Amino acid sequence: MTEDAASINPTAVDALVAERLAQALRCVTVSAEEPAADAPEFTRLGEHLERSFPLVHDELELERFGHSRLYRWAGTAPDTVAAILLAHQDVVPVDDPARWTHPPFAGVVDDEFIWGRGAIDDKSRLMAILEAVEAALAAGIRPEHTVYLAFGHDEEVFGDQGAVRMAQRLRDAGVRADLLLDEGGVITDGVADGVDRPVASIMLGEKGYATIRLSVSEVGGHSSMPGRQTAVGRIARAVSRVQDHPMPLRLIPLVSDMLARLRHVMPDSRRRLLGLAGLATPLITRVMAATPQTEALVRTTTAPTVISGGVKANVLPQQAEALVNFRILPGDSVASVLEHCRKVVRDAGVRIDLVGMTSEPTRPARPGAGFELIARLAEDVVPGIAVTTGIVPGATDARHYNDLATARCNFAPIVLTKADLATIHGTDERISLVNYARLIEFNRRLIDHFAHVSTTAPPQTSGADV
């Protein structure tokens, strides 16, 4: 399906709505492990939100946690919480701005796209939620049960100062929501092999995260008289062993459910294979391991990302180290990853340590009422899709809120190709006007589901002009 075949007309996003997102993209809210005490770009973004959505900031309660923003939209029956809607304000750095079609923080709007770092991950979701809430307030619509909006400022660096603190605030208040909704799943087109229609993957959990540091110490000396191994050679061998011996393939129940839901739109050969169920599990996992996108669903992945050692070509290095990042499948753990590395490296001279933040995989939820609601709204906004479950291969703020909701979903109804997916954290990140319209309409329909129409006359002005 092409975007032109969708039910949402790109002209539904007018110039003012597109410009509001573009202005948000011009705020250089790059996350940092050790942020400065003064972060003017986050302040600038906050001021933009308050100017753009006056009704939201007049009528919703706002509590700040640093630059993170927790909004409470009280319902007409406020003792029950309908939903916690998550998004994040921060973005990752840009490696090579010269490779971009438009400067990454210029917020360029053309006839088809809104360009900039954060256009997909994740400012478009944040702005779409606010556009939908502002429009609802302008129409006199209120939720029957309370809705929270939680917009973190450090999701890309684990959320310790944003999501963790906001989640604890809700925990202390005894909040228990029907639905938790965050980023992570989208509608892919041409990504699922052999499937002839776009696939909406509504994620019901996420993988864990750990980084292992491999390090060695040697005597050093002159390169004209090397020993049998150098620090660099030893660390290279350790990295090679870790990469060449990945953790085992496994088909977890959530991925089995994902495949079962897609079976009816798969080619005959794949349907027959899936029909063999447990008998074909080893073959199914081997087929899925053939591409990086699907291999991430059937194993804890291994990614060497940094290696360093040595200072000069004719000097034997005394120190060398490497970092290897793991995304952990449910059923494995941080401890089992560490043990696996020790087993495959088989070298007592290589020190193996955990570094930085770690996160255990979440326990995947079962599809239920929350999943069915999100699936129905996705089909309303983009007809003709196949809907399935899945697991987020990366980490999101939602993991900090897992115990605060009956149902947890990670999803946004935007249609992305393989090329589009490559722009997330990459070059030329952008969102089409069609996709942005879908995102706003989806959030409007979600709010309508929660809504109670007020008997008071709606205000006459609004920041939302979709």
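This is a predicted model: local features need pLDDT of at least 70, side-chain atom pairs count only at pLDDT 80 or more; totals for chains, interfaces and linings use all residues.
Modeller: Start at D428, which sits in the loop between α13 (418–423) and β19 (430–432). Those labels are DSSP runs counted from the N terminus: helices are H or I with at least four residues, strands are E with at least two.

Biologist: What makes the phi of D428 worth a look?

Modeller: Phi of D428 is near 65°, which is positive, and D428 isn't a glycine. Most residues other than glycine have a negative phi.

Biologist: Is D428 buried or exposed?

Modeller: Buried means under 20% relative accessible area, exposed over 50%, and partly exposed in between, using a 1.4 Å probe and protein chains only. D428 has 13% relative accessibility, so it counts as buried.

Biologist: And which phi does F158 have?

Modeller: About 85°, again positive in a residue that is not a glycine. F158 lies in the loop between β6 (146–152) and α5 (163–172). Its relative accessible area is 12%, so F158 is buried too.

Biologist: What about the peptide bond from D121 to D122?

Modeller: That one is cis, with omega near 10°. Most peptide bonds are trans. You'll find D122 in the loop between β4 (113–115) and α4 (123–138).

Biologist: How do you know that β12 and β14 pair?

Modeller: Two strands pair if DSSP finds at least two bridges between them. β12 and β14 (residues 319–328) have eight, in the antiparallel sense, so they pair. Along the way, A303 stands opposite N325 in β14.

Biologist: In what order do the strands of that open sheet come?

Modeller: The four strands run β12-β14-β10-β15, with antiparallel pairing. β12 (301–309) and β15 (351–359) are at the edges with a single partner strand each, so one side of each has no neighbour in the sheet. Neighbouring strands are turned by 20° against each other on average, direction ignored.

Biologist: Which strands does helix α6 touch?

Modeller: Helix α6 (residues 231–244) touches β10 (208–217), β12 and β14, and its direction makes about 15° with that of β14. Contact means heavy atoms within 4.5 Å. For the angles, axes are lines fitted to C-alpha atoms, for helices over the stretch in contact, and values run from 0 to 180 degrees between N-to-C directions.

How values were computed:
Residues are numbered from 1 along each chain as its sequence is written. Side-chain values use heavy atoms; hydrogens and water are left out.
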